[in-house]
Amino acid sequence: MALLISDECINCDVCEPECPNGAISQGTDIYIIAPELCTECIGHHDKPQCMEVCPVDCISQDPDVVEDKDSLYQKFLKISA
Ligand code: SF4
Ligand code: SF4
């Protein structure tokens, strides 16, 4: 699944530079993740880097974007091409 930032985000900007796919950006009120670019960090890291660094743990899996690991890896290959 792509990941989702909840409205508990405090706009600290710590996660944005950690994303290897450039999937995180500042939205209108909080930071947002572009689901078409989020691979859960598959292809780059063992764990989602944004979740690792978020100080308020407001990032979780997006139940509306269901993907298995192979789909995420295929997305990584497409983004990297
Ligand atoms: Fe970016 Fe990885 Fe977070 Fe997805 S899980 S938004 S690819 S840092
Ligand atoms: Fe928001 Fe967490 Fe990212 Fe900070 S690290 S901008 S609190 S999602």
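Predicted model: local features only at pLDDT ≥ 70, side-chain atom pairs only at ≥ 80, totals over all residues.
Local features here need pLDDT of at least 70 and side-chain atom pairs count only at pLDDT 80 or more, while totals for chains, interfaces and linings use all residues. Residues are numbered from 1 along each chain as its sequence is written, chains are lettered from A and ligands numbered from 1 in written order, and side-chain values use heavy atoms, with hydrogens and water left out.

Let's start with the ligands. A residue counts as near a ligand if one of its heavy atoms lies within 4 Å of it. The shell of ligand 1 includes Cys19, Cys38, Cys41 and Cys50, along with Leu3, Ile24 and Ile33. Around ligand 2 there are 13 residues, and Cys9, Cys12, Asp13, Cys15 and Cys54 come nearest. In the table, Ala, Val, Leu, Ile, Met, Phe, Trp, Tyr, Cys and Pro are nonpolar, Asp, Glu, Lys and Arg charged, and the others, Gly among them, polar.

| Shell | Nonpolar | Polar | Charged |
|---|---|---|---|
| Ligand 1 | nine residues | two residues | one residue |
| Ligand 2 | eleven residues | one residue | one residue |

On to the charges. There's one salt bridge (a Lys or Arg side-chain nitrogen within 4 Å of an Asp or Glu carboxyl oxygen) in the structure. Glu67 pairs with Lys75, their closest N and O atoms 2.9 Å apart.
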